[in-house]
Amino acid sequence: MSIQEISLSGRKKVVSNKEMTFFERMYLIAIFKGLWITIKHFFRKKATIHYPEQVREMSPVYRGQHMLKRDELGRENCTACGLCALSCPAEAITMKAAERTADEKHLYREEKYASIYEINMLRCIFCGLCEEACPKDAIYLTISKELVPASYNREDFIFGKDKLVMPLDIAMKNAQLKNAN
């Protein structure tokens with residue numbers, strides 16, 4: 001058995017080095033095949049939309065920008081358990097827990113809260129695992145079309161609590177809708 005006959009994977013193929021015909025050397029068949037594909041695509045429906053006038057339909061499983069929820073009294077739901085940071089495959093979430101003081105009862109629901117909660121949007125893959133892991137339903141990915149604004153500084157892509165916490169007026173509207181139902 002010679003070294004040319006040995007195949008470790010068992011998928012060895014013999015390639016022939018046959019002489020090309022005149023038409024194959026002219027590449028006319030390949031050119032006509034390419035033109036045929038182009039002509040077929042020319043008569044298909046266009047995928048382009050006119051953006052400002054038309055808005056593309058979003059998928060039902062679309063995940064937009066992150067938001068930290070508040071309850072009906074305007075207190076943050078996050079208790080800094082760290083499950084969202086543990087479940088994040090990209091390791092984009094960092095947090096630091098702190099204990100609330102007596103004068104902060106109107107701000108936080110539990111005795112423990114996240115004093116620092118940051119998401120690095122350059123690392124985030126918008127998978128939604130942080131939303132699924134949270135036992136207090138504190139973080140969720142919105143359906144807003146606004147994602148991360150463009151910038152030249154890396155620091156602008158680290159979203160802190162100032163950008164992530166739900167505005168108070170939206171929390172109050174959610175409470176009114178929940179009470180109406």
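I'm taking helices (H or I, at least four residues) and strands (E, at least two) as DSSP runs, numbered from the N terminus.

Ground rules first. I'm working on a predicted model, where local features need pLDDT of at least 70, side-chain atom pairs count only at pLDDT 80 or more, and totals for chains, interfaces and linings use all residues. Residues are numbered from 1 along each chain as its sequence is written, and side-chain values use heavy atoms, with hydrogens and water left out.

Entry 1: I looked up Ala80, in the loop between strand S1 (66–68) and helix H3 (83–87). Ala80 isn't a glycine, yet its phi is positive, near 55°. Buried or exposed, this Ala80? Ala80 counts as buried because its relative accessibility is 6% (buried is under 20% relative accessible area, exposed over 50%, partly exposed in between, with a 1.4 Å probe and protein chains only).

Then I went to Asp137, in the loop between helix H4 (129–133) and strand S4 (139–141). Asp137 also has a positive phi, about 55°, without being a glycine. Asp137 is at 41% relative accessibility, so it counts as partly exposed.

Leaving out residues up to four places away in sequence, Ile119 touches partners including His66, Ile93, Cys124, Phe157 and Leu164.

Notes:
Contact means heavy atoms within 4.5 Å.
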